[in-house]
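User: Please take a close look at one part of this model, namely the open sheet and the helices described with it. A connected account would be appreciated.

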Amino acid sequence: MDAETKLAIVIAGNFTEDEENADASTLLNYLPKEIAVRCELIDWSTQPSSHYSMQLTLEMANMLESLVTEKGYTGVIVISGSGVMEEMAYLTDLLWQHPEPCVFANLMVQGRAGVEEGLINLHCSVQAALSPEARDKGVMICSSGEFFAASEAVMVDPTMPENTFQSPGRGSIGKVLNNDVKFFRSPKRPGFLARKPKDVAAVEAVWSTLGGGERILSALASSQDIQGVVIAASGTGSVSPAWMPHIRNILRRRIPIVVVSRSFEGQVLPSNNFEGSFSKLLELGAMSGGKLNPYQARIRMALSLAAGLTEEGLRLYMLNQPVNEDISTLYK
């Protein structure tokens, strides 16, 4: 291990429901001494992850960046609850343009494994952050000794430690094998924004359900605060015909709408032409979110609108096309 290696372990949420052992200051005691001396605990915000907002997560991402750019840390481990960890990690990954590894450690493990499994994830996260192979991998989530790219990870079952997070169709990018960290591949990094957002735009997501959602969409259509809407449509991008008047009203107000599929591994495609189909939504002026899931689309939209992307810039960014040039056609 390089003598200059210095890791920050950021406490960004609750990590155990065991009140008798909830003192985060003892975490380093569970690491081997030769590793613990290279780590420093930083208390950011001890609260349930469900209490986080996108704005608070953006502030945390800025703080994490300062740890490597100003404080000289060579890697960052983030401890938080697992409930919205996939969203917190994804937002951080969209802004993380540094080679230093940033690992979200799932310490809030439910079920029989509990605290013991969580502490194993902490140890594995530290091992990964110390590995030269972890550089330029972007933001990762560590769960059950495996490392998942933040751009790919989804929570599957919070009650099953071996299946809490997965990367459908891709698998993990690395894991700890025989106490050694092995990386199998590098994930595709996101296209970065040329302008860093100082805040997040007010964006809501609406799920298309069997005959439902119209009242929610109607409320958004009359909202004075909303800046963008994500529609989690059924199948390859279809919604109820009853939604169409509300969608027209939102678009007339120059509020952008992005359409994605609510399906677990779905994507939107213009395959039909009936009222409420994805083709009709595109004709109205809605945008494609491609293969993004609803959570990812909402975060992308909130950051990009706050960064000042034009309508064309937003279309490109939602499809992960380059928008890293600060030119008049892409930024306001």
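Analyst: What follows describes the open sheet, then a pair of helices, and lastly the cysteines. The model is a predicted one.

The sheet is open and consists of 4 strands in the order S11-S12-S13-S14, paired in parallel. Its edges are formed by strand S11 (203-207) and strand S14 (287-288), each of which pairs on one side only. The pairing of S11 with strand S12 (residues 228-233) is parallel and comprises 5 bridges. Within S12, glycine 228 is the residue that stands opposite valine 203. Helix H5 (residues 214-221) lies across both S11 and S12, and runs at about 160° to S11.

Turning to the helix pair, helix H8 (residues 294-307) and helix H9 (residues 311-318) have axes that come within 10 Å and cross at roughly 145°. The crossing of H8 past H9 is right-handed. From H8, the residues Ala297, Arg300, Met301, Ser304 and Leu305 meet Leu314, Tyr317 and Met318 of H9. Sorted by class, this contact of H8 with H9 contains 6 nonpolar residues, 1 polar and 1 charged.

As for the cysteines, the count of disulfides is 0, with sulfur atoms required to lie within 2.5 Å. For cysteine 39, which is in no disulfide, the nearest cysteine sulfur belongs to cysteine 124 and is 13 Å away. Cysteine 39 is buried, its relative accessible area being 9%. Cysteine 102 is likewise in no disulfide; the sulfur of cysteine 142 is the nearest cysteine sulfur, at 12 Å. Cysteine 102 counts as buried because its relative accessibility is 0%, the cut-off being under 20%.

Conventions: Residues are numbered from 1 along each chain as its sequence is written. This is a predicted model: local features need pLDDT of at least 70, side-chain atom pairs count only at pLDDT 80 or more; totals for chains, interfaces and linings use all residues. Side-chain values use heavy atoms; hydrogens and water are left out. Axes are lines fitted to C-alpha atoms, for helices over the stretch in contact, and angles run from 0 to 180 degrees between N-to-C directions. Helices (H or I, at least four residues) and strands (E, at least two) are DSSP runs, numbered from the N terminus. A crossing is left-handed if the near helix is turned anticlockwise from the far one by less than a right angle, and right-handed if clockwise. Contact means heavy atoms within 4.5 Å. Ala, Val, Leu, Ile, Met, Phe, Trp, Tyr, Cys and Pro count as nonpolar, Asp, Glu, Lys and Arg as charged, and the others, Gly among them, as polar. Two strands pair if DSSP finds at least two bridges between them. Buried means under 20% relative accessible area, exposed over 50%, partly exposed in between (1.4 Å probe, protein chains only).
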